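Biologist: I am new to this structure. Could you show it to me and take my questions?

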Amino acid sequence: NITDLLKFVACIMVAMSHYSGYVLAEGVSSSVIYKAVAANGGYLGVAIFFFLSGYGLMKSDQKRHRNIQEFCKRRLAKAWLPAVIVSTIWLTIAYFVDLDLLCNSNHYLLGILWWFNDEVMWFIRVILIMYVCMYVYSSVSHRLARSKPFLLTAIAIIAYLVVRMLNIGSSLSVPLFFLGMAIAEFPKFFKTIFSNILVIMALIVIAAMLAWFFRHDNYLLHGLINYFGIGVLLIVFANFNITLSQFAPWIGNSSFDVYLVHYKVHLLILHYVAIDTLWMFLLGTAISAFLFYKFRKLIRL
């Protein structure tokens, strides 16, 4: 329940980051809250989602390792097909309302199947690659039990390089997906580390030194904030037993839908109204995410 709630919050952070960027760029507001969310809300939201996804997938695989057919159906398809469906719907709507698309008009099929007709949907492409890397690791790690840390590190480096070299999305938080996997694989080790006050103080000092060293590089500062944020989460969960007994399942289950529809809702509002107010963005995203969530349940996706 806690991880589901955090995933939902992460998707809201991403959505609000994109909206805040629009608000600041168009001069709709100069609030410091919008500035803070636009500056790092999206980066941190993606980092949290990647980290929790790696952890959750690894824990699930430990309970039951799926064969390649099951993995493609239960994991890859559930991440890829909703994005394809949303992109197809978006392409249809954009055609009838004469709305400029965010993909190359000469490659509609590729726009639907891979680019998803949305400049912020790089997240899907990156997570699909990480899913494949996770499956490779889980398929061979049991044969190399003593080499698991080295194997996981090697696969994490390969995934990072693939994302970076192919330029299919931001590689900044890719290692956090594999950190989540590592914590699922070696929980006692990480619990010991993040329960040790001396280690925590050392990590804080290192983070402060890096912040000073990278103070003129916004991209690296974003990364430092992401890793520091995940470190704070690890310290909290390593030292406190936090549970959430009552939690509406649809909240966690619909987090992915929020991510898929929010930017397209924003573009439609701008197309018809020319300005996107906060209440219109939130209401439009909530309604669209709810309808698509129900549609996915209807087709059992």
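**Terms and values**

Modeller: F292 has 6% relative accessibility, which is under 20%, so F292 counts as buried. Keep in mind that this is a predicted model.

Biologist: Why does F295 count as partly exposed?

Modeller: The relative accessibility of F295 is 34%. Buried needs under 20% and exposed needs over 50%, so F295 falls in between.

Biologist: What makes the aromatic pair of F292 and F295 tilted?

Modeller: The centres are 6.2 Å apart, within the 6.5 Å limit for a pair.

Biologist: How many aromatic pairs does the whole structure have?

Modeller: The search finds 13.

Biologist: Why is the pair of F49 and F123 called edge-to-face?

Modeller: The ring centres of F49 and F123 are 5.1 Å apart. Their planes stand at 70°, over the 60 degrees required, so the pair is edge-to-face. F49 is in helix 2 and F123 in helix 5, so the pair ties together parts 74 residues apart in sequence. Both F49 and F123 are buried.

Biologist: What sits over the ring of F49?

Modeller: The charged end of K7 does, 5.5 Å from the ring centre. The distance limit is 6 Å. Elsewhere, R215 lies over the face of W212, 3.8 Å from the ring centre.

Biologist: Which residues do ring pairs link into a cluster?

Modeller: The cluster holds Y19, Y22, Y34 and F281.

Biologist: How do you know that D118 and K264 form a salt bridge?

Modeller: Their side chains come to 3.0 Å, N to O. The cut-off is 4 Å, so the pair qualifies. D118 is in the loop between helix 4 and helix 5, and K264 is in helix 12. They are 146 residues apart. D118 has 4% relative accessibility, so D118 counts as buried. K264, at 5%, counts as buried too.

Biologist: What makes K148 and E185 a salt bridge?

Modeller: The closest N and O atoms are 3.5 Å apart. That is within 4 Å, so the term applies. K148 lies in helix 6 and E185 in helix 7, so the bridge ties together parts 37 residues apart in sequence.

Biologist: Why is D257 called buried?

Modeller: Its relative accessible area is 0%, under the 20% limit, so D257 is buried. D257 forms a salt bridge with R296, at 2.7 Å between the closest N and O atoms. R296 is at 9% relative accessibility, so R296 counts as buried. The structure holds four salt bridges, this one among them.

Biologist: Which residues lie nearest the centre of the largest pocket?

Modeller: They are D4, K7, L52, S53 and G56, from a lining of 41 residues. The space is about 1,300 Å³. Helix 2 gives the largest share of this lining, nine residues. By class, the lining has 23 nonpolar, seven polar and eleven charged residues.

Biologist: How do the lining residues of the second largest pocket divide?

Modeller: There are 23 nonpolar, two polar and no charged residues. Helix 10 supplies the largest share, ten residues. The space in this pocket is about 570 Å³.

Methods:
Residues numbered from 1 in each chain as written. Predicted model: local features only at pLDDT ≥ 70, side-chain atom pairs only at ≥ 80, totals over all residues. Heavy atoms only, no water. Phe/Tyr/Trp six-rings, centres within 6.5 Å; stacked < 30°, edge-to-face > 60°. Helix = DSSP H or I, 4+ residues; strand = E, 2+ residues; numbered from the N terminus. Buried < 20%, exposed > 50% of the residue type's maximum accessible area, 1.4 Å probe, protein only. Lys NZ or Arg CZ within 6 Å of the ring centre and 35° of its normal. 1 Å grid on protein atoms, 1.4 Å probe; cavity = no way out; pocket = protein on both sides within 12 Å on 5 of 7 lines; lining within 4 Å. Points joined across faces, edges and corners; volume = space filled by probe spheres on them. Nonpolar A, V, L, I, M, F, W, Y, C, P; charged D, E, K, R; others polar.
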